[in-house]
Amino acid sequence: MKLRNLNLSKYSIYLILLAMFIGSSFLSPNFLTAENMTNIPRQLTVTTILAFGEMMLIICGMIDLSAGSVLALAGVLSVVAYKATDSIIVALVVGIVVGVVCNLISAVMTADFDVPPFIATLAVGMVARGAVLLYTRGQNILQLGKFTDLGQGSIGPIPIPVIFLLVAVGLTGYLMNQTKYGRALYAIGGNELAARASGINVRKTKYQAFILNGIFVGVAGVLFMSRVNAGLPNGAVGYEMEGLTSAVVGGTSFTGGVGTTLGTLAGAFIIGLLNNIMNLVGVQSYVQQITKGVIIAVAVMYDIRSKRAKRTHVILKPDLSESRPTPPEPSLQK
C-alpha cells in the first residue's frame, strides 16, 4: 500500500498516543521504569471503564454527569457490604446494583419524561453524593482487608484491575460492532426521528444504555475503593469529566452517532499518560485541571468543525450527472 493512499487522519489518535509515549520517556527518567509502567494501567482502569459507559450514552445523544457521585455511592456501599459479609462477590454485586438503580432513575427521567440528560444526571449525581455523605456522616471507612485485592492484587503478572479493563474492552467492542443494539445506538445518535421511523425502539435502547453505564459505574466504584483501600464518600470527585474527556478525545462526537471502542481506549490512555507525566515532572494540580479543560474544549471544537466541514462538502459537491453531456439519441435511419 502506498503511503500517500493512507488516511492518516483515521489513525491520528493512535499517532498522538505514540508521540506522547515517546515524548514522556524523554521528559522524565522515571517514566519507563517497571513500577510506573505497572501503575499506569492500574490508574487508568477506573476512568477507562467510566469512559466506555459515557461513550455509549454520547453516541446515542445522551450524557452522564452523575458518574463520579454514583461511583462514590456504589463504592462505599460495596465496602459496607463487604465488611458485613466478608464476601468480595457480594460487594461487587452491591456496587453494580447501586450503579444500575441510579442510572435507571436517569433513564426514567430522560426516556419517559423528556428531561434533558445533563439535567437528569446532574440531579441524580447530587442526590447520590448527598446520600453517601449522609450515610457515612462524611467519615471514611477504613481497614478493608482482602477487599483491596481487587484493586491492588495480581493474577500472575497481570494486575486484577487490568483484567476487568480487558473484559470491559471486549464487551463494549462486541456490543458496538457485532450486535443490533450497537447499530441502534449509532442510528439514534445520528437521527432519532429517522431511527424511530425505521422501527428502532428508542426508549428501550436508551434504557439499555443507562443500564450498561450503571454496570460500568458500579464496577468502577468497587475497583476505586479497593485501590485506595478505603470507602471514601468524598472520593472520585470530577471523575465523570475524566470519562467524558477520554471518550471525546478518542473521537466520540458530542453531537452523537460517532465513536469507537478502540478510539475511546486510546483517548483514555492519552489522558492517563498526560496525568502521569504531569505528576512525574511536578506540575501543579491546578495547572493539570486547566490543561484537561483546554483539551476537552479543543476536542469538542475540532469535532464540531469537522462535522460542519463535512456538511458543507456534501452541499457543495457538484452533481456530475447534470454537467455530463447528453449522448445523442441513436438514429433509426442509416
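Me: How many aromatic pairs does the count come to in this model?
Reply: The model is a predicted one, and ring pairs are taken here as those whose centres lie within 6.5 Å. By this rule the count of aromatic pairs comes to three.

Me: Which kind of aromatic pair do F21 and F31 form: stacked, tilted or edge-to-face?
Reply: A pair of aromatic rings is described by the distance of the centres and the angle of the planes. F21 belongs to helix α1 (residues 12-27) and F31 to the loop between α1 and α2, so the pair ties together parts that are ten residues apart in sequence. The two rings are 5.3 Å apart centre to centre, with 70 degrees between their planes. Because planes over 60 degrees apart count as edge-to-face, the pair of F21 and F31 is edge-to-face.

Me: How are α2 and α10 oriented to each other, roughly parallel or roughly antiparallel?
Reply: The axes of helix α2 (residues 34-59) and helix α10 (residues 202-228) come within 9 Å and cross at roughly 170 degrees. Since angles over 145 degrees fall in that class, α2 and α10 are therefore roughly antiparallel.

Me: How are α7 and α8 oriented to each other, roughly parallel or roughly perpendicular?
Reply: Helix α7 (residues 160-178) and helix α8 (residues 180-190) pack with their axes 5 Å apart, at an angle of about 70 degrees. In the contact, L175, M176 and Q178 of α7 meet K180, Y181, G182, R183, L185 and Y186 of α8, and these residues divide into five nonpolar, two polar and two charged. Because angles from 65 to 115 degrees make up that class, α7 and α8 are roughly perpendicular.

Me: Which element gives the most to the lining of the second largest pocket?
Reply: This pocket has a volume of about 320 Å³ and is lined by 13 residues, of which V237, G238, E242, Q289 and K292 lie nearest its centre. The elements that give two or more residues to the lining are α11 (239-249) and α13 (285-316). By class the lining has five nonpolar, six polar and two charged residues. With six residues, the element that gives the most is α13.

Note on methods: Residues numbered from 1 in each chain as written. Predicted model: local features only at pLDDT ≥ 70, side-chain atom pairs only at ≥ 80, totals over all residues. Heavy atoms only, no water. Axes fitted to C-alpha atoms, helices over the stretch in contact; angles between N-to-C directions. Helix = DSSP H or I, 4+ residues; strand = E, 2+ residues; numbered from the N terminus. Parallel < 35°, antiparallel > 145°, perpendicular 65-115°, else oblique. Contact = heavy atoms within 4.5 Å. Nonpolar A, V, L, I, M, F, W, Y, C, P; charged D, E, K, R; others polar. 1 Å grid on protein atoms, 1.4 Å probe; cavity = no way out; pocket = protein on both sides within 12 Å on 5 of 7 lines; lining within 4 Å. Points joined across faces, edges and corners; volume = space filled by probe spheres on them. Phe/Tyr/Trp six-rings, centres within 6.5 Å; stacked < 30°, edge-to-face > 60°.
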